[in-house]
Amino acid sequence: MIRSRTVRWTLLLLVAGCAPAPPRPDRDRLTEIMGLNDDHKLRIQYRTPAPDAQINERMAAIERGTRELLTLTPFGDGRDAIMHAMAARALLPIEELRTVTWTVKNRERNYRKLEAICSGCHAAVAPR
Ligand code: HEC
């Protein structure tokens, strides 16, 4: 009797362990936003030698994506709250980079600021 119950529990746990992970649409959306961010950052870097209004449009897209992060819970653990806090903190410097005129003089500094915004959040959210 005990033995068969043990067998039943073992089977149940095995089946549960093999069940596919539940879908995480927020996780997919996070990856999507980051893919877009990556593309925008790369194109801003390419554009940077020639100051261009398109840089501000790309910064506006990054800003929209960052705002959307506030609505996502991709991890389902403490990292969500860290991501939200970092996204909220990133919005002001992102807005500054969206509204400033990118010039030959400030372009390098602006690009470095953008990189720091990205990597600051990545470092904070990374599993430790
Ligand atoms: C507020 C937080 C936050 C900011 C700001 C942020 N990211 Fe991310 N990014 C994340 C998180 C969280 C992940 C990890 C996703 C994961 O673990 O699946 C990530 C992952 C990525 C990835 C890897 C995607 C993957 O899953 O393989 C790239 C590329 C990326 N980010 C680019 C950028 C760029 C470029 C910027 C700046 C323009 C940026 N990110 C700004 C939170 C942020």
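## Helices α4 and α5

In this predicted model, α4 and α5 are roughly antiparallel to each other, because their axes cross at roughly 175° and angles over 145 degrees count as roughly antiparallel. The two axes come within 9 Å.

On the α4 side, the contact is made by R79, I82, M83, M86, A90, P93, I94 and L97. The α5 side supplies N110, K113, L114, I117, G120, C121, A124 and V125. By class, the residues of this contact between α4 and α5 are 12 nonpolar, 2 polar and 2 charged.

## Helices α3 and α4

Helix α3 spans residues 53-69 and helix α4 spans residues 78-99. Their axes come within 9 Å and cross at roughly 160°; α3 and α4 are therefore roughly antiparallel to each other. The crossing of this pair is left-handed.

From α3, the residues N56, M59, A60, I62, E63, T66, R67 and L69 take part in the contact. They meet M83, A87, A90, L91, I94, E95, L97 and R98 in α4. The residues of the contact of α3 with α4 comprise 10 nonpolar, 2 polar and 4 charged. M83, A90, I94 and L97 of α4 are listed in the contact with α3 and also in the contact with α5.

## Around the ligand

Which residues come nearest to the ligand? There are 19 residues around the ligand, and M34, N37, A87, C118 and C121 come nearest. Two or more residues of the shell come from each of α2 (25-47), α3, α4 and α5 (107-125).

The shell around the ligand has 13 nonpolar residues, with 4 polar and 2 charged ones. Two of the nearest residues also belong to helix contacts: A87 is in the contact of α3 with α4, and C121 is in the contact of α4 with α5.

## Confidence

The chain averages a pLDDT of 88, and 82% of the residues score at least 70. Confidence is highest in α4, at a mean of 97. Helix α1 (residues 2-18) has the lowest confidence in the chain, with a mean of 64.

Methods:
Residues are numbered from 1 along each chain as its sequence is written. This is a predicted model: local features need pLDDT of at least 70, side-chain atom pairs count only at pLDDT 80 or more; totals for chains, interfaces and linings use all residues. Axes are lines fitted to C-alpha atoms, for helices over the stretch in contact, and angles run from 0 to 180 degrees between N-to-C directions. Helices (H or I, at least four residues) and strands (E, at least two) are DSSP runs, numbered from the N terminus. Angles under 35 degrees count as roughly parallel, over 145 as roughly antiparallel, 65 to 115 as roughly perpendicular and the rest as oblique. A crossing is left-handed if the near helix is turned anticlockwise from the far one by less than a right angle, and right-handed if clockwise. Two residues are in contact if their C-beta atoms, placed from the backbone, lie within 7 Å. Ala, Val, Leu, Ile, Met, Phe, Trp, Tyr, Cys and Pro count as nonpolar, Asp, Glu, Lys and Arg as charged, and the others, Gly among them, as polar. A residue is near a molecule or strand if its C-beta atom, placed from the backbone, lies within 6 Å of it. pLDDT is the predictor's confidence in each residue, from 0 to 100.
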